[in-house]
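The following note is meant for a colleague who is meeting this structure for the first time. Please read the numbered points with the model open alongside.

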Amino acid sequence: HQNAGRPAGRHLLQVARFQNLQLIQSIDNAILLFIQEHLRSGFVNAVMIFFSAIGTLGLIWIAAGIAMLITKKYRRTGIVLLVCLAATWVLNDLVIKTLIQRPRPYLSLHELSILVPRRNDFSFPSGHTSTSFACAFVMARMNGRRWAWVYIIAAMIALSRLFVGIHYPSDVLAGALFGTLSAAVISVLALRLPFFRKSDHKSEE
C-alpha cells in the first residue's frame with residue numbers, strides 16, 4: 001500500500017507544481033497587458049526605452065566601475081563592482097537562462113507589442129535586472145547609505161524591461177533576487193583576497 005501511494009503522491013505534487021506555474025504565468029501575462037493598455041504613453045515609453053538601453057550589456061555599470069577605478073577613494077569599489085558584474089552576467093545569462101530556457105513573452109503572448117528589437121536568448125531571469133541589482137548592492141554596501149540612490153537606477157532598468165515587453169514580471173523579480181544574492185556572496189569572497197587586505201592596512205596607516 002505504501003509503494004502504491006508513492007506514485008500517487010508524486011503525481012499530486014506534479015499537478016500542484018503545474019498549477020502554480022500556470023498561476024504565475026497568468027499573473028505575468030495580466031501585468032504585461034495591463035502595462036501595455038494603461039501605462040504606456042509617448043513620454044513614458046521614451047523614458048523606459050532609455051533605461052532599458054543603458055542597462056544593455058551592463059553599459060552604465062561598466063562606465064561606473066571604470067570611473068571608480070580612476071579615483072583612489074572608490075578604486076576598491078570599482079574592482080569589486082566589475083568582478084560582480086562579470087560573474088553575475090555569466091551565471092545569469094550563460095548558466096541559469098540556458099538551464100531554464102523560458103521563452104520571451106512576445107513568443108506566446110501574441111497580444112503583446114514590444115518597443116525594442118526582439119532578442120534570440122531566453123527570458124528567465126532578467127539579465128538587465130540581475131546585473132543592475134548586483135552593482136547597486138556593491139555600491140551601497142561598500143560606500144554606505146548615501147549611495148542607496150543607485151537602487152533607483154537599478155529599479156528603473158528592471159521596470160523598463162516590463163514596459164518594453166521583453167520580460168515577464170517574474171523574470172524581473174527573480175533577477176533582482178539573484179543579482180542581490182550573487183553580489184552579496186561574491187563581494188564577501190572578493191574582499192577576503194590579499195589584495196584588498198593590503199589596501200585596508202595601507203588606508204589604516
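1. A salt bridge is counted here when a side-chain nitrogen of Lys or Arg lies within 4 Å of a carboxyl oxygen of Asp or Glu. Under that rule, Arg102 forms a salt bridge with Asp171, with 2.8 Å between the closest N and O atoms. Arg102 sits in the loop between H4 and H5, whereas Asp171 belongs to helix H8 (residues 169–190), so that the pair links distant parts of the chain, 69 residues apart. Helices (H or I, at least four residues) and strands (E, at least two) are DSSP runs, numbered from the N terminus.

2. Some words on the basis of the note. This is a predicted model, in which local features need pLDDT of at least 70 and side-chain atom pairs count only at pLDDT 80 or more, while totals for chains, interfaces and linings use all residues. Residues are numbered from 1 along each chain as its sequence is written, and side-chain values use heavy atoms, with hydrogens and water left out.

3. As to the overall fold, the protein chain has nine helices and zero strands, and its pattern along the sequence reads α-α-α-α-α-α-α-α-α. Of the 205 residues in the protein chain, 41% are buried, where buried means under 20% relative accessible area, exposed means over 50%, and partly exposed covers what lies in between (1.4 Å probe, protein chains only).

4. A search of the whole structure finds six salt bridges. One of them joins the side chains of Asp93 and Lys97 (3.9 Å, N to O), and both of these residues are buried. Since they are four residues apart in helix H4, Asp93 and Lys97 are separated by about one helical turn.

5. The second largest pocket has a volume of about 240 Å³. A pocket is found on a 1 Å grid over the protein atoms alone, as an open set of points where a 1.4 Å probe fits, with protein on both sides within 12 Å along at least five of seven lines; lining residues have an atom within 4 Å of a point. Grid points are joined across faces, edges and corners, and the volume is the space filled by probe spheres set on the points.

6. Which residues lie nearest the centre of this second largest pocket? They are Leu57, Gly58, Trp89, Asp93 and Arg119, out of 19 lining residues. The elements that give two or more residues to this lining are H4 and helix H6 (127–143), and H4 gives the most, with six residues. The lining divides into six nonpolar, seven polar and six charged residues.

7. A nonpolar surface patch of about 630 Å² is made by Trp89, Val90, Leu91, Leu94, Val95, Leu99 and Ile100. Such a patch joins nonpolar side chains (Val, Leu, Ile, Met, Phe, Trp, Tyr) within 5 Å, taken from residues with over 30% relative accessible area and no salt bridge. Val90 is found in helix H4 (residues 75–100) and, at 36% relative accessibility, counts as partly exposed.

8. Phi of Leu57 is near 60°, a positive value in a residue other than glycine; Leu57 is found in the loop between helix H2 (42–55) and helix H3 (59–70), and is exposed, with a relative accessible area of 67%. Gln101, which is not a glycine either, has a positive phi of about 55°; Gln101 lies in the loop between H4 and H5 and is partly exposed at 43% relative accessible area. A cis peptide bond, with omega about -5°, joins Phe124 and Pro125, and Pro125 lies in the loop between H5 and H6.

9. Finally, Thr131 lies in helix H6 and is buried, with a relative accessible area of 4%. The C-alpha atoms of Thr131 and Gly175 are separated by 8.0 Å, although these residues are 44 apart along the chain.

Terms used
Patch = residues over 30% accessible without salt bridge, like charges linked within 9 Å, V, L, I, M, F, W, Y side chains within 5 Å. Areas by Shrake-Rupley, 256 points an atom, 1.4 Å probe, with all protein chains shown as cover. Nonpolar A, V, L, I, M, F, W, Y, C, P; charged D, E, K, R; others polar.
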